[in-house]
Amino acid sequence: MADEQNGFRLSRRLVLGAAVVGGAVLWGGTTLARLARGPSGPKNAGRITDIDGIALR
């Protein structure tokens with residue numbers, strides 16, 4: 001009876017799973033935050049050509 005453990009014991013599988021899920025949530029949250037914010041400056045689309053080859057501005 002001395003070998004019996006009381007309380008909650010963390011297993012390696014639980015710790016590894018929590019680390020993977022936590023990392024995925026962190027990565028996903030930062031990616032969504034980056035995509036949701038506005039552009040940092042004006043965007044240059046470069047030259048846009050029409051079908052007949054005349055450059056549009």
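User: What share of the 57 residues in the chain is buried?
Analyst: Buried residues make up 2% of the 57 in this predicted model; buried means under 20% relative accessible area, exposed over 50%, and partly exposed in between, with a 1.4 Å probe and protein chains only.

User: How is the chain built?
Analyst: The chain has one helix and two strands, in the order α-β-β along the sequence. Helices (H or I, at least four residues) and strands (E, at least two) are DSSP runs numbered from the N terminus. Residues are numbered from 1 along each chain as its sequence is written.

User: Where is confidence lowest and where highest?
Analyst: Strand β2 (residues 55-56) is lowest, at a mean pLDDT of 58, and α1 is highest, at 93. pLDDT is the predictor's confidence in each residue, from 0 to 100. Where it is low, the predicted coordinates should not be read in detail.

User: And the average for the chain?
Analyst: The chain averages a pLDDT of 78, and 63% of the residues score at least 70. As the model is predicted, local features need pLDDT of at least 70 and side-chain atom pairs count only at 80 or more, while totals for chains, interfaces and linings use all residues; side-chain values use heavy atoms, leaving out hydrogens and water.

User: Different topic. Is Leu10 buried or exposed?
Analyst: Leu10 counts as exposed because its relative accessibility is 55%. Leu10 sits in the segment before α1 (12-36).
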